[in-house]
Amino acid sequence: MNGAAPAGQHGQSKAMLVLLGILWGLNWPAVKVALSGVSPWALRSIGLSAATCAVFALGLLRGRQLAIRSGRERMHIAVAGLLNVAVFNIVLTFAQLGAATSRVAIITYSMPLWSVLFARIALGERLDRLRACGLLLGAGGLAVLLWPLLGKGMPQGVLLALAAALTWAAGTVYTKWARLRSEPLAVAAWQLLIGALVALTGLLSFEGWPHWHGLAPQVLAALGYHILFGMALGYLLWFNIVARMPAGVASLGTLLVPVVGICGAIVLLGERPDASDLWGFALIFCAALCVLLPGGLAARRHAH
C-alpha cells in the first residue's frame, strides 16, 4: 500500500509494528532456551511449518491467488526461498548454539548493509551519501565488535551469524533482480514452504523424527512461544503490516527487534554484553537507520 492510509488505520499499523518488534525480539531468547532441549533442525522444521500454514491461511482468507503459474517465477521463488528462508533460518539457529544471543542478534542485523553493498555490485544501484555513511558506520561497528575476538579465536557462532546476514542480503538482492510479478503473499508463502521442507529434510536425514517427551517445562514454554508467537503470529502481523504500510517504513520499524532481543537476552538469559558489543551494536544500528531512512529508500526507488 503506497498511498496515504487513514489516520486510524495508520495508528493501528504502528501499534502492530511495535507488537511485532516485541514478539520477534523476544523470539531470540526463546530460541536460545528451546535449543537447550530441541535440535536446530527440529526447531526450524516445526517453526517454519507453522509460519507456512499461517501465511497460506491468510492468503486463502483474503481470496488471493496463491498458485504460481510461470515456470520462471517458480524457479526464482525456489532460489529466493533457499536463501531468504531456508539457509538464513537454519544457519542462524546453529549460530545461537555457538555464541551469545545478544552478539548473534547484533551481527545478524547488519543485513541491510550487506544488501546495499550487494545491490551496488549486482544491480548497479546508486550509492548516495546517506547509504555510503551507513556502510562506513556498519563496517566500523563490525570492526569494533569482532576485533577483540580475533585474538581469542573467532567463535563459530559469530561466523555463522555473519553468514546468515550475508545470505539474507543475497536473497533480498536476488529477489529484486528477479522482478517477481506474482502475488506477494503467494511468493512469501511458497518461500516459507521451501524453508520448511529443507529443514524437515535435514531433520529426517541427520536425526530422524524427534521425540518431544521429557522436555523441561521452560523448553516447552520457549518452543510454544517460538511456534505460536515468533513464527505463526509474527508472520501474520508482518504481512498485515506490509499490506497497510510502505515496505520501507515497515522494514525501518523492525529495527526494534534487535533492541528487544538484546534486552531480552540480558533479562531472561542473564547475558552481559561487553563494551565492544554495545559500541558495535550502536554503530550497526545507526548504520541500518542510514540505509533504511526514507531518503535512502526514495533513492533506491529512483534507481529502478
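Modeller: Start with histidine 76. Leaving aside its neighbours within four places in sequence, histidine 76 is in contact with Tyr174, Trp177, Ala178 and Leu180. Contact means heavy atoms within 4.5 Å. This is a predicted model, where local features need pLDDT of at least 70 and side-chain atom pairs count only at pLDDT 80 or more, while totals for chains, interfaces and linings use all residues. Residues are numbered from 1 along each chain as its sequence is written, and side-chain values use heavy atoms, with hydrogens and water left out.

Biologist: Where is histidine 76 found?

Modeller: Histidine 76 is in helix α3, residues 71-98. A helix here is a DSSP run of H or I with at least four residues, numbered from the N terminus.

Biologist: Why is histidine 76 called buried?

Modeller: Its relative accessible area is 5%. Buried means under 20%, exposed means over 50%, and partly exposed lies in between, with a 1.4 Å probe and protein chains only. The value of 5% is under 20%, so histidine 76 is buried.

Biologist: What makes the pair of histidine 76 and tyrosine 174 a polar contact?

Modeller: The side chains are joined at 2.6 Å. A polar contact is a pair of N or O atoms within 3.5 Å; within protein, one must be able to donate a hydrogen and the other to accept it, and residues adjacent in sequence count only if both atoms are side-chain atoms.

Biologist: Is leucine 43 buried or exposed, and how do you know?

Modeller: Leucine 43 has 0% relative accessibility, so it counts as buried. Its place is in helix α2, residues 40-61. Beyond four places in sequence, leucine 43 is in contact with Val31, Ala34, Leu35, Val38, Thr93, Leu223 and His226. Leucine 43 and alanine 199 are 156 residues apart along the chain, and their C-alpha atoms are separated by 8.8 Å.

Biologist: How do α2 and α3 cross, and what is that called?

Modeller: Two packed helices are described by the angle between their axes and the distance between the axes. The axes of α2 and α3 come within 10 Å and cross at roughly 135°. Axes are lines fitted to C-alpha atoms, for helices over the stretch in contact, and angles run from 0 to 180 degrees between N-to-C directions. Under 35 degrees is roughly parallel, over 145 roughly antiparallel, 65 to 115 roughly perpendicular, and the rest oblique. By class, α2 with α3 gives eight nonpolar, two polar and one charged. Ala, Val, Leu, Ile, Met, Phe, Trp, Tyr, Cys and Pro count as nonpolar, Asp, Glu, Lys and Arg as charged, and the others, Gly among them, as polar.

Biologist: What name does the packing of α4 with α7 get, and why?

Modeller: Helix α4 (residues 101-108) and helix α7 (residues 156-178) pack at about 30°, with axes 8 Å apart. That angle makes α4 roughly parallel to α7. Arg103, Val104, Ile107 and Thr108 in α4 meet Gly157, Val158, Ala161, Leu162 and Ala165 in α7. This contact of α4 with α7 has six nonpolar, two polar and one charged residues.

Biologist: And what is α5 to α7, and why?

Modeller: Helix α5 (residues 111-122) packs with α7 at about 45°, and the axes are 8 Å apart. That makes α5 oblique to α7. From α5 come Met111, Pro112, Trp114, Ser115, Phe118, Ala119 and Ala122, and from α7 come Leu162, Ala165, Leu166, Trp168, Ala169, Ala170 and Val173. The contact of α5 with α7 has 13 nonpolar, one polar and no charged residues.

Biologist: How do you know whether aspartate 128 is buried or exposed?

Modeller: The relative accessible area is 13%, so aspartate 128 is buried. Its place is in the loop between α5 and α6 (129-150). The side chain of aspartate 128 reaches the backbone nitrogen of arginine 131 at 2.8 Å.

Biologist: What puts glycine 261 in the buried or the exposed class?

Modeller: Its relative accessible area is 0%, so glycine 261 is buried. Glycine 261 belongs to helix α11, residues 256-269. Beyond four places in sequence, glycine 261 is in contact with Gly25, Trp28 and Pro29.

Notes. Helices (H or I, at least four residues) and strands (E, at least two) are DSSP runs, numbered from the N terminus.
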